[in-house]
Amino acid sequence: MTNPALPANTPFHKLQKFLSENGPGFLVSCVVAAAAKFISEHYGAPAMLMALLLGIAFHFLAEEGRCVPGIAFTSRTVLRVGVALLGARISIELLIGLGPKLILLVVAGVILTILVGMIGARLLGRGWRFALLTGGSVAICGASAAMAIAAILPKNEHSERNLIFTVLAVTVLSTIAMIAYPIITQALDLDDLATGVFLGGTIHDVAQVVGAGFSVSNETGETATLVKLIRVTMLAPVVLVFSLVIRSYAEADPEQVKDGKKPPLVPFFVVMFLVLAAINSLGWIPGFLQNTLSELSRWALLISIAAVGMKTSLKTILDVGGQAIILILAETVFIAGFILYGITHFTG
C-alpha cells in the first residue's frame, strides 16, 4: 500500500517547485557575476560592464532550456531586491553634511538632466521610456538607476535592448570620466572641495566616483563620495514620481493596462528603499549590518545585470541607433557643464 502523495499546494511543494524552475537560471547568473567580480578585482575592469558582456556571451541560455525561467526571475526580482537594499546606505546626515547650496545644485542637476533627456528624445525621435531611462541613469547613479527605472517602466519589445544599451553606455562613460574629469579639474585649478563636488555630481557610477576622487586626494575622495550618495538618495523620489505618472497615464489610456492590472501606486522595492533609509537615518542599523546589506545590494545588482545580459543578444544592442548615443552623450555633457557652472558661480 503506497502513501498518498502530498497535496500540491503545501508550502514545501511550492518551494520545491520554485527552486526547480528558477534555481538553474539563478545559479548560472551567480556564476557569471562571480566571474565578472574576479575579472574586476584582478584586472581593474568595471564589474557591471564585465557582468553585462559575459552575460551577453551566454545569451543562448535565455532562449531555451532549463535556465530560461530562472534568468527571467533573476533579471526582474533579484534586481528589485538589490535596489531596495541600497536604502541602507542613505541617511539624513548626508544631506546635513553637504549644506543647502550644494544640495540644491545636485538636486537641480538631477531634475534638469532628466528634462534635457525628455526634450532631446523628442527632438531625436526617441520614445519617452528611453528618455526616462537614459536621463535618470545619467542624472542619478548610472547602472543602478537604469535598472531601478526599468523595473517600473511599461514593457515593450525594445525594453531589454534599451536597458542593456543604457547600462553599457553609462558604464563606459563613467570609466572615461574617471580618467578625464580629474585632468579637467586640474586644468581649471579647482580646489579639493570643488573637485570633489564636480566628480561626485557628474560621474555616473559610484565605483568610478570613488576611484576618481581618491586619485586626487583623500578630501576630494570623501567629498565626491558624499555628493554621489546624495544623488543616489534621489533614486527613490524620482522612481516614485515616475511610477505615479506612469500609473496616471495607464488610467487615462486603457491600452496601457495589461491583463486588467494597473501599475502599482508605489512599487514595493521603492517602499523598502525608503524604509531602510529612514531606519538608517535613525541610527538603528549597526555598522556591520549596514556593510552586509550594502554588499548584498552590490551582489544582487551584479547578478541581476548578468541575467539581463543573458536575455539580450548583441544584435539587438547594435540596433539601438545613433540617436541613442547622441542622447546619452548630450545628457552627460549637460550635467557636467551644469555642475561645473554651479560650482564656479553659485557655491563659492
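Helices α5 and α6 are roughly antiparallel to each other. The model behind these exercises is predicted.

## Exercise 1: α5 and α6

Task: Which residues in α5 meet which residues in α6, and at roughly what angle do the axes cross?

Solution. 
- Start with the geometry. Helix α5 covers residues 100-124 and helix α6 covers residues 128-139. Their axes come within 8 Å and cross at roughly 150 degrees.
- Classify the angle. Over 145 degrees counts as roughly antiparallel, so α5 and α6 fall in that class.
- List the contacts. From α5 come Val110, Thr113, Ile114, Gly117, Met118 and Ala121. They meet Trp128, Ala131, Leu132, Gly135, Gly136, Val138 and Ala139 in α6.
- Sort by class. The contact of α5 with α6 has 9 nonpolar and 4 polar residues, with no charged ones.

## Exercise 2: α2 and α14

Task: How far apart are the axes of α2 and α14, and what is the hand of their crossing?

Solution. 
- Take the distance. The axes of α2 (residues 47-57) and α14 (residues 287-310) are 7 Å apart.
- Take the angle. The two helices pack at about 35 degrees.
- Take the hand. The crossing of α2 and α14 is right-handed.
- Read off the residues. Ala47, Met48, Ala51, Leu52, Gly55 and Ile56 belong to α2. Their partners in α14 are Leu301, Leu302, Ile305, Ala306, Gly309 and Met310.
- Split by class. Here 10 residues are nonpolar, 2 are polar and none is charged.

## Exercise 3: α3 and α7

Task: What class of packing do α3 and α7 show: oblique or roughly parallel?

Solution. 
- Find the crossing. The axes of α3 (residues 68-85) and α7 come within 10 Å and cross at roughly 120 degrees.
- Draw the conclusion. That angle makes α3 oblique to α7.
- Note the hand. The crossing of α3 and α7 is left-handed.
- Name the partners. Leu79, Arg80 and Val83 in α3 meet Ser144, Met147, Ala148 and Ala151 in α7.
- Count by class. The contact of α3 with α7 divides into 5 nonpolar residues, 1 polar and 1 charged.

## Exercise 4: two residues

Task: Is alanine 143 buried or exposed, and is aspartate 189 buried or exposed?

Solution. 
- Apply the cut-off. Buried means under 20% relative accessible area. Alanine 143 has 1%, so it is buried.
- Check its surroundings. Beyond four places in sequence, alanine 143 is in contact with Met48, Val167, Val170 and Asp205. Leucine 168 is 25 residues away in sequence and 8.1 Å away in space, C-alpha to C-alpha.
- Exposed means over 50%. Aspartate 189 is at 69%, so it counts as exposed.
- Check the backbone. Aspartate 189 has a positive phi of about 60 degrees, although it is not a glycine.

Terms used
Residues numbered from 1 in each chain as written. Predicted model: local features only at pLDDT ≥ 70, side-chain atom pairs only at ≥ 80, totals over all residues. Heavy atoms only, no water. Axes fitted to C-alpha atoms, helices over the stretch in contact; angles between N-to-C directions. Helix = DSSP H or I, 4+ residues; strand = E, 2+ residues; numbered from the N terminus. Parallel < 35°, antiparallel > 145°, perpendicular 65-115°, else oblique. Contact = heavy atoms within 4.5 Å. Nonpolar A, V, L, I, M, F, W, Y, C, P; charged D, E, K, R; others polar. Buried < 20%, exposed > 50% of the residue type's maximum accessible area, 1.4 Å probe, protein only. Left-handed = near helix turned anticlockwise from the far one by under 90°.
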